[in-house]
Amino acid sequence: MGFAFIPLLLGRPAILVLACAGISWASPAFAEACPAPAGEAQSRERERQPECLVDAARAAYRERRHADVLELTGRLAALGDAVPSSLRIAALLVRSQALFQTGRIGEMDRVAREAWGLARAEGGADARPALEAQNLVAVALRRQGRTQEAIEVYRDLVARRDRVDGPLSADSLRARNNYAAALGDAGDLAGAQALYEQVYAARLATLGPNHEQTVFAWHNLKTTSWEFRGSERTLREVELALPDQQRSLGANHPEVARMKSLLATMLWSQGRLEEARALFADVHAVRRKALGGSNRLTQEAARNLAFVTLQLGDNEGALDLMEAAARQAATSDDDSREHRQLLAFVRLQRGEAQAALDLLPAAAAPDASLKGQPRERLGAASLRAAVLSRLGRKDEAIALQSRVLEADEERLGRQHPKTLESLRSLATIQVAADEIAAARETLDAFVVRSEARDGVLASGSDTHRRQLSQGIESLFQLAGYKTYVRLLAATDPTRALEVAELAKGRSLAEPQATSGRGQVARTEAREAAWRLAKAEEALAANEPGSAPYLRAANERAEAEAKLRTLRPAASTTKRFGLADRLATLPKGAVFIDYVVDDDRAVALLAGKDLPVTGIDLGRVDRLADTVEALRRLTATTDPASERVWRTAEGYRWSLSKPPGATDRTKDATEIARFLSQKLLAPLAPHVGKSPRWIVSPDGPLAFLPFELLEIGGKRVVENHEITIAPSLAVITAGKARAARVLAPGANREFLGIGVSRAGGDWPELPAAEREVSAVANLFPADRRVTLTGAQATEAAFAKLDASGDLERFRYIHIASHAFLSPRGSSLSGVVLAKDAADEANDGIVTAAEWPVYRLRSDLVVLSACDTGRGTLLAGEGVMGLPYALLQAGARDVLLTLWPVSDAAAADFMPRFYNRLRKGLQPAKALRETKLELARSRGPHAAPAHWAAFVLHGVP
C-alpha cells in the first residue's frame, strides 16, 4: 500500500495578489533603457535618469520581464543619494514584486521591509506607498511559512485600507483576498471562505461576472471551498463555469489555466488520473509558452504534471519532466525545495529511501506541534515519515505522522479527504512497524469517518454515484479499506466482510435510486438519461480541458440536475445488513470474496453452511501480469507465438525479455496451476465440495478465467459452476427485484440480434446471423423476435424499448462485434447495423447508453469479442458492458474475456440455449456446455473456444 503524500501544489493553488494589475502576456526583448548621460551639459538628463529607470522598471514588470526589472532597479540603487526618496520607494516596490515572481522570497522580504520603513518615514503608515509595501511584507512572510506573522500584518493592512480607501475599493479587496489566503494557510478555512465570499460579491457587483478580477475571486472561493469541504458540488460548479470563462477570457488566459489546475486537482483526488494529467499537461503548455520555462507558475505546472505522471506508474516520464523543469528553473528557494520534495517522493517509490531522506529538510523537534503549519510543511513532514518508515525508524515515523494527523484534524476537520489521507498514512506506517493492533484501530477510525462523510454525500450525481453510494470516494480511500480487510481477515472475518462490502460495488444494490424507473414519467426520465449518456460519451471522446470536453461537462451537469428533480436521492434507499445479504445466498453455494491489497491478497468465504471465514493468501507478486499471461496463452490458437516469460514472481507477457526473466513458456496449464496454488489451494478445505461458487473478484482477478484453475487435481469447471458478482449487495438487490424478471411462458421469450456485416472497418462475421437463427429456432415462433442484417439497427432496437416490448423478453441474444474503447468504458459498446439515413444514431450502443434502456431479462448474452472486460474502477471491479447491462435491469449477463471466433460461438450457443430451454439455470447450463465441448473431439474442444464465456449477475 502506497503512502498518501500529496505535494503542496496539488493541495491548493497559490492565490496571492500583488500590487500591479493589468499585466500583459507579451514578452518583448529588453532594449537598453535610460542610458547614463555624460558631461556637464547633460546634468538635466542626469536628474531625470532615476525617474526614467523607475518608469522602465514598471513597464518591464507589466511585460513580465522580471530580469530587466532587477537590472533597472539595480542601476537606480547604484545612483545612491542622488535618487529622491519617492523614486527609491517606487523602485523598491517594483523590485520586490519581481523578486516574488522569480521566487527569491528571502531577498523580497528584505527589500519590501526597506520600502515599508522609508514610506512610513516619508508619508506615514497610511500613505499609499506604505500600504503597498506592507502588503508585500505580508506576502513574503506567508511565502516563508511565517503564517501567524503574516496574519497580523494583513489584519492591520485590511483595517487601514478600509479606513483610507473604503471596504469596496480595489486595494481593500486585494488586501482582504491576501488576508483570506493567510487564514487558509493557518487552517482557518471557514474564516478564509467568509472573506473570499466578501471579495467575490464585491467584484461581481462592480465588475460583472466575466471580468478577470471577478473570475480570480471566484477561483479563490472555489479553491477554498474544495479544500474545506472537498465536495462534488464544488467540482460540478467548476466544470460548469469553465466553458463560459474560457469563452469570455480566452483559452490561454492565466485565470483559465488556474481554473484547469483546480479542476485537475479535484479529478486527481477522485482517482481520475488520466483526466487530471491531460489538464495539467494543457496548463503546463500554456504557461510555458506565455511565461517561459523558468517562471514559478510554469515550474508549478511542471511539478503537478510530473507527480500525476508518477502516480500513473510512469517513473521515467516523471523524471524527464522534473529534469527538464530543473534545467529551466530560475534561482528560487521555493522552487528548489518543492523540486527536492517531489524528487524525494520519486526516490522513495524506487526504493531509494536514504537518498529520499537526504533531499528532505531537517525535521522539527520530536515533540514540536505541527498545528498551524502550512499544508506544504505538512506534506513534507508526511513524506519524511514515510521515508523514515521505509528506513526502519518506526518510532520516529509513527510520532511524526501522528503529529501531521493532529494538525490536519485541527485545520480541516476529522472527515476531510486530506485528513483521511493522513489517517491512512499513519495506518500504513503502523503496519510496516508491525503495530497491527494500532493499525486496526486507526483503520477502523478511517472507515467510520469515510462512511460518515459519504453518508453526507450520498445524494451526489449519477456520474459519481459509483463512488459516493458505495463509501469509496477515491483510490487512496479504497486502499485503506482493503488494508483493513486484510488485517481483519484472520481474527474478525465477519467485520472484514462488512468492510469488503463497503469497498465493492453498492451502486447496483440501489437500482431504484439510480434507474428512475417507476417513479417518474418514462418519457421525461428517458430524455434526461439519454442526454446524460451522450454527455458521458463526449467526455470520454474528447481531451479534458478542450472546448468539446467542457461543453460535454456542462451538458452532463444539466442532465444530472434534471434527473435529481425526477427521482429520490440514493440516500433514501434501504440498505441491507450483512446478515440479510448472507441469507440470500443459495443453498449449497459458497461466496468467495477476493480482496487484493497491492501485492497481498485475502479471500473471505461465506455460505448457508459455511460461517464467514477469512484466509490470508499472502504475497502474490505481479498478479496482473500473470493473469494476463494466462489469458493470452489460453485465447491464442498459436501458443508458441505468444511471448510469455517465466519470472521469479510469476509470468509476464512482453515483446522482449523482461529483467529477471528466465525463459519462455507456451503452456497455459502451467500458469493455471501456478495461480491455483496461490488463489485456490488454501481455500480447498472450505470450498472444494461446494458445487456452486459465487466469485467476487478484485483488481486483475476480474479478467481471470477461474474455471481453468485447478482444485483437487481437476479443473474447476469439472465440479463447480461459477457466477461472477460484484458483491453480496448486488446479489441481494437482484433477489429483491427477481419478481420483476419474466417467468417462463411469457409471451416474448427471445430477442435475437445478429449483424454479420457492420460496414466500415469491421470485419465480416459470417456465422453471426446463422447463430441467431439457430438459437431462435429453439423458441416458439410467436414468442421470438429476430433482427438480423440491415434490420438490426440501433433505431429498431430503440423502437422496441420505446414501445415497452424490450422489457418483455426473457432472453436477449446479440451476435455482433463489440469493443473496448481505449478512451474509457463509457465508449465501449456493441456494434449494430448502421442506417445511413439515420443521423440520430451511430449504430453503436455504448456502455453509457445501455442503462437508458429498460430490461427485465433473465439473461442477456453478448456473443462478441472481449465484452466481459473493461476499466477497473475503485470499488466496482470492471466498469464496462457487464456493469451497464446489469444496471439496465438484466439479472444475468453472459460475456467473453477474449475474442471468440463466430464459428465457435455458433457451435456453443445452441448447446447452451438447449439447456436453458430444459429448465437449467444459466450457471449450470454454462458449465455443462463448456464440459461438452471440452470433452468432445471437435474443432472447438480447446479452452480458447469455450473458457472465454463468463457469467455475471445474480445466482
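**Entry 1: a loop arginine.** I began with R622, which counts as partly exposed because its relative accessibility is 36%. My cut-offs are these: buried means under 20% relative accessible area, exposed means over 50%, and partly exposed is in between (1.4 Å probe, protein chains only). R622 sits in the loop between β3 (610-619) and α29 (623-635). Helices (H or I, at least four residues) and strands (E, at least two) are DSSP runs, numbered from the N terminus. I noted that R622 is not a glycine and yet has a positive phi, near 50°.

**A note on the model.** The model is predicted, so local features need pLDDT of at least 70 and side-chain atom pairs count only at pLDDT 80 or more, while totals for chains, interfaces and linings use all residues. Residues are numbered from 1 along each chain as its sequence is written, and side-chain values use heavy atoms, with hydrogens and water left out.

**Entry 2: another positive phi.** I then turned to R64, also a residue other than glycine, with a positive phi of about 60°. R64 belongs to the loop between α2 (43-62) and α3 (66-78). Its relative accessibility is 22%, so R64 counts as partly exposed.

**Entry 3: salt bridges.** How many salt bridges are there? I found a count of 58 salt bridges, taking one as a side-chain nitrogen of Lys or Arg within 4 Å of a carboxyl oxygen of Asp or Glu.

I looked at R163 and D126, whose side chains meet in a salt bridge at 3.3 Å, N to O. This pair links distant parts of the chain: R163 is in helix α7 (residues 147-165), D126 is in the loop between α5 (105-123) and α6 (128-143), and they are 37 residues apart. R163 is exposed, with a relative accessible area of 52%, whereas D126 is partly exposed at 30%.

Next came E409 and R449, with their closest N and O atoms 2.8 Å apart in a salt bridge. Here too distant parts of the chain are linked, E409 in helix α19 (residues 394-412) with R449 in helix α21 (residues 436-456), 40 residues apart. E409 is partly exposed at 23% relative accessible area, but R449 is buried at 10%.

Entry 4: D171 and R174 form a salt bridge of 2.9 Å, N to O. Both lie in helix α8 (residues 170-185), 3 residues apart, about one turn of the helix. An α-helix has 3.6 residues a turn, so residues three or four places apart point the same way. Buried or partly exposed: which is D171? I have D171 as partly exposed, with a relative accessible area of 22%, and R174 as buried at 6%.

**Entry 5: helix α37.** Helix α37 (residues 902-917) has 16 residues and reaches 22 Å from first C-alpha to last. That is close to the expected 22 Å at 1.5 Å a residue, the expected span being 1.5 Å times one less than the number of residues. Among its buried residues I listed F908, F912, Y913 and L916. Just after α37, G919 has a positive phi of about 100°.

**Entry 6: a contact in space.** Last, I checked A353, which lies in helix α17 (residues 353-359). A353 is buried, with a relative accessible area of 7%. A353 and L391 are 38 residues apart in sequence, and 6.4 Å apart in space from C-alpha to C-alpha.
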